[in-house]
Amino acid sequence: MRSSGGRSDAGGSVAAVDLGATSGRVIVGHVDTDGVRMEHVSRFPNGPVALHEHDREALHWDVVELYRNVTDGLRDAFGRHPDLASIGIDSWAVDYGLLRDGRLLGLPSHYRDDRHEHGVAQVHARLDAAELYSRNGLQHLPFNTLFQWAADPTLHLADRALLVPDLLGYWLTGVEAAERTNASTTGALNGTTRGWDPALRAAAGLPSGLLPTLRDPGDRLGPLLPAVADLVGGSAPVTLVGSHDTASAVVAVPATTGDFAYISSGTWSLVGVELEAPVLSDAARDANCTNEGGVDGRVRFLKNVSGLWLLSESVRTWERGGDRIDLEALLASAAAVTAPVPLFDVADESFTPPGDMPARIASWCAEHGRSAPATRAEFVRSILESLAAAYAATLATIATITGKDIRQVHIVGGGSQNRLLCQLTADRTGLPVLAGPVEATALGNILVQARAAGLAGLDGASLEALRTVVARTVEPVRYTPTTERTTTPSTPRRRMSV
């Protein structure tokens with residue numbers, strides 16, 4: 001634990017609450033000078049809840065059930081390890097809860113709900129796209145929080161807005177704050193100053209005082225409320241981490257040099273590079289790239305590309321038809337496909353809502369004069385080829401805009417386990433791909449907490465030093481392009497039919 005001098009080589013344990021768009025988990029990280037050992041304590045489902053509202057079905061998050069699962073998981077963690085040094089929370093971005101006098105006004109809307117589309121025109125009527133980008137540097141996505149706020153009919157009733165991890169932190173500690181990496185995804189944060197921007201707040205019609213004080217990863221949010229400590233059977237401070245899950249995942253990229261790009265691959269794919277300062281050029285805006293906050297003031301210059309949502313929704317569709325899908329066998333069949341498969345635009349908005357993904361892919365192909373996949377294996381191969389092509393094109397664009405020399409690609413998160421996707425990414429980029437860690441988000445969460453608590457001599461450690469710990473903890477799987485690289489990153493190869 002932290003010594004009176006603020007530094008100790010002793011190890012210790014922290015609890016990472018890692019919340020994704022389909023599931024959540026509580027993981028205890030045991031940190032010592034050899035690295036990090038992760039112990040999965042609790043896992044629980046998470047997903048949209050459809051509620052009837054007037055003449056439509058609206059998608060929400062059951063954040064109260066999420067909080068119950070989090071406290072249950074923390075109870076299990078304290079039951080096993082009463083001396084936890086800290087708790088940290090990360091989640092997906094953009095979604096929020098509204099409070100008045102400390103009380104939640106309603107279930108948060110889900111980013112896949114179509115309500116927020118009405119907010120885009122409202123914001124752009126006050127700030128055009130060029131001015132908006134020059135201020136916040138964000139990729140245009142219709143579910144960015146700024147647009148959600150503009151379309152929210154209950155906004156005027158609230159006196160506080162908290163993003164999901166900040167809301168859970170408030171319920172645990174009673175302290176209201178906005179962690180800066182996640183706040184950077186809202187569209188209300190100035191891309192240069194990294195403070196709340198008055199013009200951006202006005203564009204969304206945000207009431208005065210709605211947004212809380214900004215805090216940074218590594219800051220101590222506060223101790224558990226006495227009632228919460230009784231509920232979970234223990235007490236530890238809540239430490240702010242990179243509460244946007246990708247910010248934590250990028251901490252855990254086991255890079256040993258600076259010439260890397262990353263793909264945080266899961267439901268979504270976050271494809272980008274790490275920079276010291278934002279890029280707010282017209283070229284960056286035209287390419288729809290984003291500047292999001294990273295740990296230690298770094299900038300995550302990236303593009304939000306669709307991800308394995310396309311595959312998981314396809315599997316759900318087939319299983320709704322009564323079939324049980326063996327994903328490993330299906331991926332093996334997809335790897336064995338030798339005939340050309342169509343590439344489709346994974347960013348097409350028709351693929352955003354839940355539903356029959358194979359039918360939508362077939363429809364897209366028909367509309368664009370391409371033959372749709374004929375078998376399930378071909379659908380899977382088409383999805384993974386299309387994702388890999390999107391990754392390659394995105395990295396080529398980023399290399400051109402930033403001038404960064406990209407020599408290797410790190411894939412972290414759940415997608416790093418998909419061997420076919422990793423190999424296709426290496427083939428299409430012409431670059432070596434290093435896959436892993438799978439639990440990058442939780443690992444980054446743990447390391448930021450460990451540094452803040454002064455565990456294992458990490459007090460004051462740089463991001464590069466934390467990544468050295470990751471490299472000691474996991475050994476990435478290397479994928480080499482199957483043919484000799486003949487192109488630069490700005491001209492990715494395309495091997496399948498387009």
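## Two helices crossing

Let's start with a pair of helices: H11 passes H14 in a right-handed crossing. (A crossing is right-handed if the near helix is turned clockwise from the far one by less than a right angle, and left-handed if anticlockwise.) This is a predicted model, where local features need pLDDT of at least 70, side-chain atom pairs count only at pLDDT 80 or more, and totals for chains, interfaces and linings use all residues. Residues are numbered from 1 along each chain as its sequence is written, and side-chain values use heavy atoms, with hydrogens and water left out. Helices (H or I, at least four residues) and strands (E, at least two) are DSSP runs, numbered from the N terminus.

Helix H11 covers residues 309-320 and helix H14 covers residues 376-402; they pack at about 165°, with axes 10 Å apart. That makes H11 roughly antiparallel to H14. Angles over 145 degrees count as roughly antiparallel, under 35 as roughly parallel, 65 to 115 as roughly perpendicular, and the rest as oblique. The axes are lines fitted to C-alpha atoms, for helices over the stretch in contact, and angles run from 0 to 180 degrees between N-to-C directions.

Which residues of H11 meet H14? They are Leu 310, Leu 311, Ser 314 and Trp 318, and on the H14 side they meet Arg 376, Phe 379, Val 380, Ile 383 and Leu 387. By class, this contact of H11 with H14 has 7 nonpolar residues, 1 polar and 1 charged. (Ala, Val, Leu, Ile, Met, Phe, Trp, Tyr, Cys and Pro count as nonpolar, Asp, Glu, Lys and Arg as charged, and the others, Gly among them, as polar; contact means heavy atoms within 4.5 Å.)

## H14 and its other partners

H14 also packs with helix H15 (residues 419-429): their axes come within 8 Å and cross at roughly 40°. That makes H14 oblique to H15. This crossing of H14 past H15 is right-handed. Among the H14 residues in the contact are Leu 384, Leu 387, Ala 388 and Tyr 391, while H15 brings residues including Leu 420, Leu 424 and Arg 428. The contact of H14 with H15 splits into 10 nonpolar, 2 polar and 3 charged residues.

H14 lies across some strands too: S14 (260-265), S15 (268-275), S17 (299-306) and S18 (408-412), running at about 150° to S17.

## The sheets

Those strands belong to an open sheet of 7 strands, ordered S16-S17-S15-S14-S18-S19-S20, with mixed pairing. Strand S16 (290-293) and strand S20 (477-479) are at the edges, each with a single partner strand, so one side of each has no neighbour in the sheet. From one strand to the next, the twist averages 30°. S19 and S20 pair antiparallel over 3 bridges, and Leu 434 has Arg 478 in S20 as its bridge partner. (Two strands pair if DSSP finds at least two bridges between them.)

Another open sheet has 3 strands in the order S8-S7-S9, with antiparallel pairing. Its edge strands are S8 (103-104) and S9 (160-163), each pairing on one side only. S7 (residues 96-100) is joined to S8 by 2 bridges, and Arg 100 has Arg 103 in S8 as its bridge partner. Helix H5 (residues 164-173) lies across S7, S8 and S9, at about 105° to S9.

Most residues other than glycine have a negative phi, and most peptide bonds are trans. His 54 has a positive phi, near 60°, and is found in the loop between strand S4 (48-53) and strand S5 (56-61). The bond from Gly 436 to Pro 437 is cis, with omega near 10°; Pro 437 is in the loop between strand S19 (433-435) and helix H16 (440-453).

## How confident is the model?

The chain averages a pLDDT (the predictor's confidence in each residue, from 0 to 100) of 93, and 95% of the residues score at least 70. Over residues 1-7 the pLDDT is below 50, and this stretch has 16 contacts in the model beyond near neighbours in sequence. Residues 484-498 also stay under 50, with 41 contacts beyond four places in sequence. Where pLDDT is low, the predicted coordinates should not be read in detail.
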